[in-house]
Amino acid sequence: MSDTTDTGPMRAADGTPLKKSLARALRRQKLRALALIAPLLIFVLVTFVVPIADMLFRSVENQIVSDTLPHTVRLLSSWDSSTGETPDEPVYAALAVDFQAASEEKNHTKLGTRLNYENPGLSSMFRKTGRGADDIGKASTKRFTDLDPAWKDGATWAALLGSDDWLADMAEWSKDDGRQPRFSPRAEAASALPMTSDVYTAFARVARTENKKSAVETKPWPVLYTALEQDLATASPESLSAVNGASAGLLQAAGAAVPGFEPISYKDAFIDIDKGWSEVDSWQTIQSYAARYTPGYFLNAVDLEKSPEGIQQRPEQQQIYLMLFWRTIWMSMLITFCCLVLGYPVAWILANLRASTANVLMILVLLPFWTSLLVRTSAWKVMLQQQGVINDILVWLGLVDDGSRLVLINNQFGTIVAMTHILLPFMILPLYSVMKTIPPTYLRAAKSLGATNWTAFWRVYFPQSVPGIGAGSILCYILAIGYYITPELVGGTQGVFISNRIAFHISSSLNWGLAAALGSILLGAVLLLYYVYDKIVGIDNVKLG
Amino acid sequence: MKGVVLAERVENRAVFRFSRVKGLERLTKSNTGSPNLTNAKTGGDAAFVEFEHVQKSYDGETLVVKDLNLTIAKGEFLTMLGPSGSGKTTCLMMLAGFETATHGDIRLGGKPINNIPPHKRGIGMVFQNYALFPHMTVAENLAFPLEVRGMSKSDREAKVKRALDMVQMGKFGGRRPAQMSGGQQQRVALARALVFEPELVLMDEPLGALDKQLREHMQFEITRLAHDLGITTVYVTHDQTEALTMSDNVAVFDDGRIQQLAPPDVLYEEPANSFVAQFIGENNTLLGAVKEIKGDIAVVELDDGELIDCKPVNVSKPGERTRVSIRPERVEFNKARLQPGAHTLKAEVLEFIYMGDIFRTRLRVAGNDEFVVKTRNAPDQVRLQPGAQIEIGWLPQDCRALDA
């Protein structure tokens, strides 16, 4: 210890600084603790956290527009939709390339489905356009093949746009070798003919994925001619002359011929296929959702939409989610309240009975936990339906006329009754565990001080049971707000929750982005509730056991 | 040691009891302190609380309280003392109204209260763990009984302040019970039980959770307050020191019955039966049979054949088995101090323990190895050495022949 000076940092016996030494000692403990929980942690991460995060991320993800129509989107960004005019010819020309390329891979229908969420009708327009896409490229194809029949040949295109390495690899490749070599573009061609190079890259990728024929031998897509004609129209002679390889001569010749071609009006071609392309509205939708990330799903989830004038309400007949959120919130509150009113006395009795009797009753409280949720919900169907037990008894008693049996199910009443029953244990258990800790002497003390039974309860017992009420309510409410099966089975149309809508979008309409946005809002609402609760009551005051 | 300390306490208490009358006079004359809280009537003989043939059973099979008859005078400080399960707390709870008597009458101020609910009895109560409402401040706790009685806010505040001052807790009104020490909580609980000026206050082992020093201090505080305010107090404890130092009368409970009801000094010096003798203070017992009774003196033949003189308490005829009880501090081994002709016993010194103020000597007497003698540490005191053979004796009235 002689080397420990008064001024320097404290050192351990071996001379390392004490802090470092301590950190090392603690790190081992921490690692050991981490190793113990690692299996569960990894399990939860892989099966729970990552999928949920991925799912929630879909609520803002929007790459499909810019991935499917890359060139169109780039040109469209400078279009001013407020003029009321459709975009200029170059945008349609770019669309001709993008759309043909997309339809080769059948991506246009996916995009149509996506844009249809924002502007109903676009899906059918995209499908229709997809069917007519082949005609759009015919004119350019004819021009190039008339110029030189070699343009019909896949090898011409490969030699023009593929790098020498790729061409060499492809020459060696045969079908028995497995997958084709990965495509790499010819650098000079890519800079001189950017659009054509992009399209050929997609062409080579598809050929490689299908892997039936070599890309070199495959018949070129018509879109390649469309793209090449447009590229040649804008390319400088120097950049064209820089392109070498076997097809360099063909390219030079084509480059010289293109200025003489009569311009093709792709605008007219598209409008011929579908009138929708002449509407500013359709283009606005594409422009609005061109960004890679979009608030569109979230806006949709609260009945708003993006428009050129900014964010505005959706048309009345499309507004549904705010109403559903509101219904979910107030019905969950009502259910929580019903649970509290029914559960409080039960918990009180449980907490104040002799242990042996309380245990028997506790089993009755827990019994529903051991019964399948579906069974319990189905039991309510039996009870509540118009030909069900309750109605039968009421009719038998003469309280209700046989012709006017009560509608107790497939409405909000059914949801509230069934969910109150199902969530009741979640209220009773926290209440019970809190009440168990309130000594009976408090009530006695209050009474000895002159309080009536009610005053003693309300002023002394009730405030001390508030942590249990808080815990039970927050538990019931959070469970209720996300409930799905029971509202689905007994809720009809009036008694369904937002989660039923989320399930619909996940499994039926396949609008996962909207489902993720709705789910994120629900999650946010629960977290907000938790935060507010923490501020008001204090999460330390919550006792679950 | 305990016995000596106790004896001194008893003396102190006598002085204290005398001085409290003075204190009361002073209080009423100068009209200081808390006149509203002062009950003008000081201890009278009229029965204020009466238990008449009270029985209590919880399960319908066994009686927890068996035929209880008890009268408590106004202004009296009565302690119910007994081991756990002796029925003392049940009695208190019946008086408070939290348990109903299975049989018999309980009267308060002459009126039967069996069917009056607890909140209408107007009895103050201090609970074992104070039962201060944790969600209220000290002041709110104290205001609670006044509030439920519909008292106006200003009156409430004045009374709460006075009650807090009375227990020297004036500054703590804004605290929560959890922010205070046990002793402070105890004072607040006391103030809360007194703030609505009940004529009767019940205390259920209120000092059980405090450490020794604080407990002794609070014993003094409670008796002072009770006597200053002229309140009738029923105090339940299993701590005999508390019972002896605080009470006017002590009721010793065992097996659901009052074994003896007497002032502390009588209880200690003249236990009525062997349970009381053993429960209160330290005690030497010798077993034997009565040989003959001559007036105030009974001659007892111990099991080893030796004869001793005793005072007959629970024995009436020769031949009866008896348990002879002698307090350790009343055993004498200095022959000069014994009455001439008194019986003496041979004893062997087994152990000598120096305890500072006293010496504690363990002897073997009549086959009993646990016979203890306590002597004061005076300058001329003899220190007995282990192994020494001595003779011991006592005054016949200090040696009581009780039931076996």
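Helices (H or I, at least four residues) and strands (E, at least two) are DSSP runs, numbered from the N terminus. The model is predicted, so local features need pLDDT of at least 70 and side-chain atom pairs count only at pLDDT 80 or more, while totals for chains, interfaces and linings use all residues. Residues are numbered from 1 along each chain as its sequence is written, and chains are lettered from A and ligands numbered from 1 in the order in which they are written.

Let us stay with that pair. Helix H17 of chain A covers residues 321–352 and helix H21 of chain A covers residues 412–435; their axes lie 6 Å apart, at an angle of about 40° (axes are lines fitted to C-alpha atoms over the stretch in contact, and angles run from 0 to 180 degrees between N-to-C directions). This is why H17(A) is oblique to H21(A); under 35 degrees counts as roughly parallel, over 145 as roughly antiparallel, 65 to 115 as roughly perpendicular and the rest as oblique. Where H17(A) meets H21(A), there are 22 nonpolar residues, 4 polar ones and no charged ones (Ala, Val, Leu, Ile, Met, Phe, Trp, Tyr, Cys and Pro are nonpolar; Asp, Glu, Lys and Arg charged; the others, Gly among them, polar).

Next, look at helices H5 (residues 108–118) and H6 (residues 122–147) of chain A, which pack at about 160° with their axes 7 Å apart. H5(A) and H6(A) are therefore roughly antiparallel, and their crossing is right-handed. Among the residues of H5(A) that meet H6(A) are A:His108, A:Leu111 and A:Leu115, while the H6(A) side includes A:Leu122, A:Phe126 and A:Arg127. Residues are in contact when their C-beta atoms, placed from the backbone, lie within 7 Å. By class, the contact of H5(A) with H6(A) has 5 nonpolar, 7 polar and 1 charged residues.

Another pair in chain A is helix H10 (residues 194–210) with helix H11 (residues 222–234), whose axes come within 7 Å and cross at roughly 160°. That angle makes H10(A) roughly antiparallel to H11(A), and H10(A) passes H11(A) in a left-handed crossing. The contact of H10(A) with H11(A) has 9 nonpolar, 2 polar and 1 charged residues.

Leaving out residues up to four places away in sequence, B:Ala191 touches residues including B:Leu142, B:Ala163 and B:Met169.

Finally, where the chains meet, 19 residues of chain B contact 14 residues of chain A. On the chain B side, strand E6 (123–126) and helix H3 (138–148) each give two or more residues.

Conventions:
Contact = placed C-beta atoms within 7 Å. Left-handed = near helix turned anticlockwise from the far one by under 90°.
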